[in-house]
Amino acid sequence: MDARPGITGRAPSTRWRGTLGLIALLGLVWLPVAPVLANPPAAIASAANPLRPPDTSSPRATLQSLLTNLERVHAIALDPARPRHDTLVPLQRAARTLNLSEIPERLAANIGIERALLLKEIIDRVGLPALAEVPDARSVERHDLTRWRIPNTEIIIARVESGPRAGEFLFTPGTLDRLEDDYDRVAALPYLPEATPGLYDAYISTPGRGLSLDWGRTLPDWLTRQWLGQTLWQWLATGVALGLGALLASALLRAGRRADQRRTDTSRRGGTILALGAVALLLQGLEYLIDVQINLTGAVVITVKQGFVLVLYTVLAWLVALLLNQSAEAIIRSRRLRPRGIDSQLLRLGFRLLSIIAIAALVIDGAQRIGLPAYSVITGLGVGGLAVALAARETLANLFGSLAIMFDRPFRIGDWIKMGNYEGTVEDIGFRSTRIRTFYDSVLAVPNAYTMNATIDNMGKRDHRRVYTTIDLRYDTPPERVEAFLEGIKGVIRANPATRKDGFHVVVSDLGAHGITVMLYFFLTVPDWATELVERQRVLLEVVRLAEQLGVAFAFPTQTLEIDATPEQPRAPATPLPAEQLVEIARDFGPGGRQGRPRGLGLHTPPHEET
């Protein structure tokens, strides 16, 4: 027997201390290792990744994702140390378990969160089967499941067959449509023991999405009473916000109009454009206030948001039309184009067509935002366009006529034109009609549809203005004086600086009923009709002075009554001439004859024969 006291007395104590030290050491090592063993690094990374979408690979995964995220919302709401806006992310993740494909994108965020909360309220009252009984991914693959229904309910989770979320199991659109009715039927049932009560009521009655503000909890009870799914304070706040917004928008538009009226150039509408931009921003701010802070829900928020879309897109259409119109006017001013010229009209027409296209695009986009499918809107626009085209054929014909005038340019403003029975100076070319100032100083509006098909004689396009007239001389005017008169007129034409010096004709054109007819045919090189009249007058007055100097008298439309014989004075017989003398006289006016002057008396040389 060993009698050494140190060994026998210290052995038990030393062993226990060693054992406890070893356990403590293993504990220190186990603390950081245990989470890694329980959750591999990839799993930890995926759980901590906020961008990882909720699991919707099977009915079980979808149901569990919904419940887990909403329970997290409840826990955050009950934790006074957590900011209320932290509930937004799990609320959005819960909404991701719903098939919102039939809801407009602009409303999906609001409706998705509300439907998720309603769904949780129903489940908290009717209960669920054990999660082990809900089909998981393996059961789905084994039995080729496409849908699963919560027992004793019409709540269905089904696989999405098409679209960006094809293959995921989501709560069906039909289920979401029935949720409000389902909730009304079960609202009187008590909560189950494992429920998270009051979450939906707190969400819809507290200002700020996700329970973000606390002052709503301190309101008097009468302000928290509900009507049509909204509390009284929400109705009051919405009415005040809309009323103040309408007053401010009206004040902005009035200020813009007053600013435009102070401008001398009425085509500049910068004040109205700025006012419309401010109104568009105001509408966005009002929508944020009503949607996020006042936090309307259900059918009311859908109606309000659709109303905001209609008003906002109306303002945007007005703004786009004004901006494009002002762009055309700015180009016209910068290039110093005539405000009513064809180039200016063509620019305005092009920008109006752009505004029509832009407004049509806004109509399609706005319709999509309020839930109307794009193809239906486009079809409606097509049918509506056809109806308008049939009802406004004349208007469209006039529009195409204006386009033809602007592109073909048969005349321009200021031109003197003859068009059918119409004649005058073009004063304006509009989109429906062309305005002509007649020589009676009246204004004639000719539809452009008629103008497009009419024969137009543009007198304003002439480089030279033709003058054609005739002068009758008395038959007793000697031939020598007639030829001298013709030669003198040639000199008058050459002396006038406004006449064209070639291509004119001054000839005896006829032996008329009243006298010898002299034709004047020459051209004036003048810029307009007024100058043409003055230069024509100058030439004709010179002709009158010439006739006076030569002693040439003008014939008047008169008739001479000659009495050949009376019973008292019978007609004297003509002196007979021998046949040989008659033949000789006739031959003297022929080739080589003594009396013949085939080129005149030599006093007048036609202009085209002059060297």
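Biologist: Let's begin with Asp502: what is its relative accessible area?
Modeller: Asp502 has a relative accessible area of 43% and is partly exposed, a class between buried, under 20%, and exposed, over 50%, with a 1.4 Å probe and protein chains only. Please keep in mind that this is a predicted model, in which local features need pLDDT of at least 70 and side-chain atom pairs count only at pLDDT 80 or more, while totals for chains, interfaces and linings use all residues. Residues are numbered from 1 along each chain as its sequence is written, and side-chain values use heavy atoms, with hydrogens and water left out.

Biologist: Which side chain does Asp502 meet in a salt bridge?
Modeller: That is Arg500, with 2.8 Å from N to O; a salt bridge here is a side-chain nitrogen of Lys or Arg within 4 Å of a carboxyl oxygen of Asp or Glu. Arg500 is itself partly exposed, at 30% relative accessible area.

Biologist: How many salt bridges does the structure hold?
Modeller: The structure holds 16, and Glu427, Arg437 and Asp441 are linked in a network of them.

Biologist: Switching topic, in what order do the strands of the open sheet come?
Modeller: The 3 strands run E1-E2-E3 with antiparallel pairing, where two strands pair if DSSP finds at least two bridges between them. Strand E1 (147-149) and strand E3 (169-171) are at the edges with a single partner strand each, so one side of each has no neighbour in the sheet.

Biologist: Over how many bridges do E2 and E3 pair?
Modeller: Strand E2 (residues 156-159) pairs with E3 over 3 bridges, and Ile157 has Phe171 in E3 as its bridge partner. Helix H3 (residues 59-78) packs on this sheet and touches E1, E2 and E3, contact meaning heavy atoms within 4.5 Å.

Biologist: Last one, what share of the whole chain is buried?
Modeller: Of the 611 residues of the protein chain, 37% count as buried, and the chain has 18 helices and 13 strands.

Notes:
Helices (H or I, at least four residues) and strands (E, at least two) are DSSP runs, numbered from the N terminus. Axes are lines fitted to C-alpha atoms, for helices over the stretch in contact, and angles run from 0 to 180 degrees between N-to-C directions.
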